[in-house]
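User: I am new to this structure. Please take a close look at one part of it and tell me what surrounds that part.

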Amino acid sequence: ATWPCACGDNVTASITMTGNLTGCSGDALIVDANNIVIDCAGYTIKGAASLSDLYSGVEVGDWQTYRSGIVVKNCNIRGFGIGIGVALTTGSNVTGNNISNATYAFQLINTTNSRFTGNVVNRSDYGVFTTTTGFLDTSKSGNITIANNSFSNGAYGYYGANGYQNNITNNTLVNFSAGGISNLAALDNSSFNRIDKSEYGFYLPAGFLHNNIISNSSNSGIFDDSGYDVFTENVFINNKYGIFISAGAFSNWSNNNFTNNTNHFYFSDPVAGFNNISSTNLVDSRAVHYYYNQPDVRVNQSHNAGVVYLINSSYSIVENITLVGGNYFGIYVRNSLDVNISHVRDNRSNYSISLYTANFTTIRNTTLQNGIYGLDINYAENTSVNLVHANASTLALNLVDSPLTNVTNSTFSEIRIG
């Protein structure tokens with residue numbers, strides 16, 4: 001078809017629209033040849049069917065024949081289940097389009113080596129959706145660049161159900177009820193994105209996340225349950241959790257900056273495996289000190305510590321530090337012997353100091369304020385507590401199955417011994 005086209009036409013040569021195409025109750029334009037350009041020139045393609053019918057404003061590929069070299073640009077597409085559907089396609093370019101009121105703004109199935117750039121998506125459940133289907137066995141979409149797009153007001157900005165080596169960069173994603181960027185694959189790269197006001201900034205990521213800014217997440221900036229990730233130079237601002245690790249290990253964090261989060265980061269199981277978290281990570285401008293399988297650690301005033309984790313790190317000393325607020329744990333000691341903590345001040349951590357199977361720990365000359373739990377001791381034998389003063393909203397001293405604990409010259413606003 002050449003322009004003017006009718007709803008449902010197969011397009012076999014390049015077209016430039018000179019008017020709107022509206023009232024389409026099925027697919028509007030179906031690309032049925034290689035190396036052609038669909039240029040809407042700012043005109044509108046508007047659907048009239050239910051969004052659940054999943055008809056496309058522009059459908060690239062017919063699910064049976066591979067297409068290549070397709071350009072779709074400058075289209076305003078509204079009211080389709082799929083704004084632009086791209087299947088069995090390589091080397092294509094989708095740019096400068098404005099899509100709204102869709103279930104899937106872009107649906108990609110077995111799409112490779114293509115670019116989606118400079119598009120604006122609003123009020124669509126999914127901005128970009130890569131998926132498997134029952135009738136297509138090999139439907140991974142890979143080596144795709146998704147860059148300089150604006151996504152807003154949906155469930156997910158990017159949902160990568162089955163992709164590989166995709167590059168997601170310089171996008172703005174605002175106000176998603178589930179995830180800004182979700183289900184990244186192991187070799188995906190996500191960088192320089194700005195994600196704001198979503199339940200999760202990144203949900204179940206895998207791969208490389210760097211130089212992203214994630215803010216105002218109602219749950220977490222990053223929610224991860226897989227591990228083996230690289231997080232570097234990201235900024236987390238005003239999130240409920242900056243990073244929430246529900247499972248997984250062997251992640252690498254460096255040069256991330258956590259500011260004014262309710263909880264900067266949290267591990268559901270800190271001993272699941274080794275995580276390489278360097279002191280270049282900052283919580284409210286102070287260093288994260290995370291040690292795993294490192295005995296004889298020394299952390300003191302010169303280290304500018306904001307939070308301290310000692311896991312399998314016996315014979316360590318933490319002294320003369322003032323921790324920042326916004327930590328889930330201020331100091332967390334686990335599976336470690338003979339740790340000495342002294343002259344510590346903490347304000348507003350959920351758990352100011354928490355010991356778990358940490359025997360022969362000494363805590364002295366320490367003040368813990370305004371947390372949920374002050375001093376939390378679990379399954380730890382022979383703990384010595386002297387000159388510790390704590391107040392907390394729930395329990396200032398929580399003592400669970402910890403025999404031979406010796407508390408002297410200390411004050412606690414609320415105590416539970418179990």
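Analyst: Start with a term: buried means under 20% relative accessible area, exposed over 50%, and partly exposed in between, with a 1.4 Å probe and protein chains only. By that rule, 56% of the 418 residues of the chain count as buried. This is a predicted model, in which local features need pLDDT of at least 70, side-chain atom pairs count only at pLDDT 80 or more, and totals for chains, interfaces and linings use all residues. Residues are numbered from 1 along each chain as its sequence is written, and side-chain values use heavy atoms, leaving out hydrogens and water.

The chain has 49 strands and zero helices. Both are DSSP runs numbered from the N terminus: helices are H or I, at least four residues, and strands are E, at least two. The C-alpha atoms fill a box of roughly 90 × 35 × 35 Å along the principal axes.

Asn 281 counts as buried because its relative accessibility is 0%.

Its side chain makes polar contacts. Such a contact is a pair of N or O atoms within 3.5 Å; within protein, one must be able to donate a hydrogen and the other to accept it, and residues adjacent in sequence count only if both atoms are side-chain atoms. One joins the side chains of Asn 281 and Asn 256 at 2.9 Å. The Asn 281 side chain also reaches the backbone oxygen of Ser 278 at 2.8 Å.

Contact means heavy atoms within 4.5 Å. Leaving aside residues up to four places away in sequence, Asn 281 touches Trp 253, Ser 254, Asn 255, Asn 256, Arg 286, Ala 287 and Val 288.
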